[in-house]
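Please have a look at the model below.

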Amino acid sequence: MVWINLFAMLLFANVGHGQEAKTLTLADIYKNGEFGQKGFGPVRWMKDNKGYSTLEESTNLAGKDIVKYDAKTGKRTIIVSAVDLIPKGSEKPLVIKDYKWSNDNTKLLVFTNTRKVWRYHTRGDYWVLNLATKKLSQLGKSLPEATLMFAKFSPDGSRVGYVSDLNIYVEEVSSNSVTQITKDGGGNIINGTFDWVYEEELSCRDGFRWSPDGENIAYWQSNTEGVGTFYMINNVDSIYSKPIPMPYPKVGTQLSAVKVGVVPAKGGETKWFDIPGDPRNNYLARMDFIPNSNELMIQQLNRPQNTNKVYVAEIETLKFKNILTEKDEAFLDMHDDIRWLNNEKYFTWSSERDGWLHLYKVSRDGTDIQPITKGNFDVVSINCIDPKGGYVYYTASPDDYTQRYLYRSRIDGKGTAQRVTPASNSGQNAYQISENAKWGIQVFENATTPPVYSLVSLPAHKQIRVLEDNKELKQKFDALQLQPKEFVKVDIGDAVLDAFMIKPIGFDPSKKYPLLFYVYGEPAGSTVQDNWGGGSLWDQYMAQQGYIVMSVDNRGTKTPRGKKWRNAIYGQIGILASEDQNKAANKIMDSYDFIDASRIGIWGWSGGGQMTLNCMFRYPETYKSGLAVSFVSDQRLYDATYQERYMGLLTDNAKGYHDGSPINFAQNLEGNLMIIHGTADDNVHYQSFEMLINKLIENNKIFDMMSYPMRSHRINERENTSYHLRETMEKYWKDNLPAGGK
């Protein structure tokens, strides 16, 4: 092993000095893990803000220590050794999936033995370690294995609340005495967590909150009765098929009825808030306690998701008051940027009310609203709000929508935005900042630089030490001698769009090359970003095979270009975006002599799969070959929350739903098409795939298809799947869009 590493180092050192570049292979990307990147953490800033904890491999046994570093001096202290995390009767320490400290940092909560619930590992076992006594005890020992979710300490650290099998429990840490505080969970009733659509589209997973005094627990309850059941079929794990039911509200159908209640932490009757409006046609999208009070802040989003009513609700009397109403002619996004200020007299609030996404300071009664950040730019995310220092730190990129930098503005709204990230960190920057805003863990990356983790002091942004530089990965990437990703602008007349281009190795501008577009195009994301993104190795691989690879962000994509840009797509998902993509493709063909207009391909995944189909069916004269993965063919088949947010209600926009659904234009297919889907896709159902197949057959259209049994939306479960998928995709492109310059 030492010899191999030394050989690799010598190879990398000689690249660029007459040595042949290493060849990028699909096996190295998707099978051998050759280009895996290292992370750092997870990091937890300690309560005193003088240091942080993280996980490191133990030198004594196979496990991880939790180590504290003093930010200023770098002094390293093992505060929890892997030995401390060996349960009685076991020889191995717990595998730490995640961990949390009690408020006073005297107890540790460890999440282990985890299971995936839809997207994320949110179910498993929890253990508590008392740092003073070294007592390690498992929570919920009488409950079924790996069923605990969202465990968290009470404010004083004496108890832990958690969810198991759709009910909420409270356990005394010292005695392990358990109190079940809800008992009606199960079947259609969900306590303390959420149904599929709340999790996927509103980012709601953890469904209960401790009161500041630890006396009560507020929680969401969902009733899925009447919600349509979608069935996935498992045909591969038994000689008989097994139906997998899931409540899933499709466009225009009934939603779960959701309410918020409060129950004593010691057990008792739940008291329910009677929030106005039909609970099946509104979302209770956010709920949390106001610090140092017995009041909740509850946000109610209406079904079209263009009105958000903010209530302050008193848990003793159940009285509530609507203090703020946010409205939009298109749609509203939910934000998690609330921080209480001035002894809870004010709170921070994110809004697009002036045409850009900014942070505001709002009085507790909602009558006084003052801007904190100002200017013709979007606040991408809030990193730290420091009332004592008087600043809010946030991510923005006023000048380049593909990049991200740390800025700060005064909480009192005076002055202008100050850039904190130095110019040398050109690309994308993310931060985990201590509560007092003195220190930050910076993650810097760009299209040619894998993530570099550093400790910096703020606000001067002085680098104190590098925590992880992914040097080995950078050397491997550089050894490939790939063409760099070029960022370009495409003027389509109505707008100037951001795009990237990757050229083949050995590119000859006198030849003409096939052009392969990668597309997403929906309001949930963006493809043209100056970030690492795994090195864009699939795009680079296809470029290496002899393709020009490009991607264009059409209007409506999630980029910090203002409300008008993002709202442009409202009511016309798939319509405006495919028009922009087509205009961009034609502009690119006119602008670059090395593009072969007879060899234009397009592909995408999920929303990008839908966009691929819309481009292929609407503009068959432009796109000669397409490949759509895990796509929505008819927008009525997708979940109500996402689709109605961006399209409006079906009853109000039936024509938009029809015209934005590629299935209604399948008769226009002229070029080559391949469609791919996983049969266990809980997000975009296999139904979309089969319905499109029906329509293509009906119109006598010849196409290629590939199904992956019991694979979900990402098509990455089970042995060899990712590698097989990419080899299938490569073969399709080489068969239908001949590679290489001519």
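Strand β24 and strand β25 (residues 346–351) pair in the antiparallel sense, over two bridges. Two strands are said to pair if DSSP finds at least two bridges between them, and the strands (E, at least two residues) and helices (H or I, at least four) are DSSP runs numbered from the N terminus. Across this pairing, W340 stands opposite F347 in β25.

The open sheet here has four strands in the order β24-β25-β26-β27, with antiparallel pairing. Its edge strands are β24 (340–341) and β27 (369–371), each of which pairs on one side only.

## How to read the model

This is a predicted model, in which local features need pLDDT of at least 70 and side-chain atom pairs count only at pLDDT 80 or more, while totals for chains, interfaces and linings use all residues. Residues are numbered from 1 along each chain as its sequence is written, and side-chain values use heavy atoms, with hydrogens and water left out.

## Two annotated domains

UniProt, in an unreviewed entry, places "domain: Dipeptidylpeptidase IV N-terminal" at residues 102–451. That span is 2% helix and 49% strand, and its end C-alpha atoms lie 30 Å apart. UniProt also lists, again in an unreviewed entry, "domain: Peptidase S9 prolyl oligopeptidase catalytic" at residues 540–736. For residues 540–736 the content is 42% helix and 17% strand, with end C-alpha atoms 19 Å apart. UniProt positions are given in the numbering used here, feature names are shortened, and annotations may be inferred rather than shown by experiment.

Buried means under 20% relative accessible area, exposed over 50%, and partly exposed in between (1.4 Å probe, protein chains only).

Which strands pair with β42? Strand β41 (residues 625–629) pairs with β42 in the parallel sense over five bridges, and A628 stands opposite I675. Strand β43 (residues 704–708) is also joined to β42 by five bridges and runs parallel to it; here M674 stands opposite D704.

## Helix α11, between β42 and β43

Together, β42, helix α11 (residues 686–698) and β43 make a right-handed β-α-β unit. Right-handed means that, with the strands pointing away from the viewer, the path from the first strand over the helix to the second runs clockwise. The 13 residues of α11 should span 18 Å at 1.5 Å a residue, and the end C-alpha atoms are 19 Å apart, which agrees. The expected span is 1.5 Å times one less than the number of residues.

On α11, Y686, S688, F689, L692, I693 and L696 are buried. They cover an arc of only 150° around the axis, which puts them on the same side of α11; the arc is that of the directions from the helix axis to the C-beta atoms. These buried residues pack against α8 (607–618), β42 and β43, with contact meaning heavy atoms within 4.5 Å. On the other side of α11, N694 and E698 are exposed. After the helix comes N700, with a positive phi near 55°.

## An enclosed helix and an enclosed strand

Helix α9 (residues 640–647) has eight of its eight residues buried, so α9 is largely enclosed by the rest of the structure. Its cover includes α3 (196–202), β20 (282–289) and α10 (654–660).

Strand β37 (residues 496–502) has six of its seven residues buried, so β37 too is largely enclosed by the rest of the structure. Strand β36 (residues 486–491) pairs with β37 in the antiparallel sense over six bridges, with V488 as the bridge partner of A499. Four residues lie between the strands in this hairpin, where G493 takes a positive phi near 95°. Five bridges also join β37 to strand β39 (residues 548–553), in an antiparallel run, and M501 stands opposite M550.

## Two buried residues

M46 sits in the loop between β1 (44–45) and β2 (51–57) and counts as buried at 7% relative accessibility. Beyond residues up to four places away in sequence, M46 touches G51, Y52, S53, K68, I79, W101 and N105. The C-alpha atoms of M46 and N103 are separated by 9.4 Å, with the two residues 57 apart along the chain.

D28, in helix α2 (residues 26–30), is buried, with a relative accessible area of 11%. Leaving aside neighbours within four places in sequence, D28 is in contact with K22, G33, E34 and F35.
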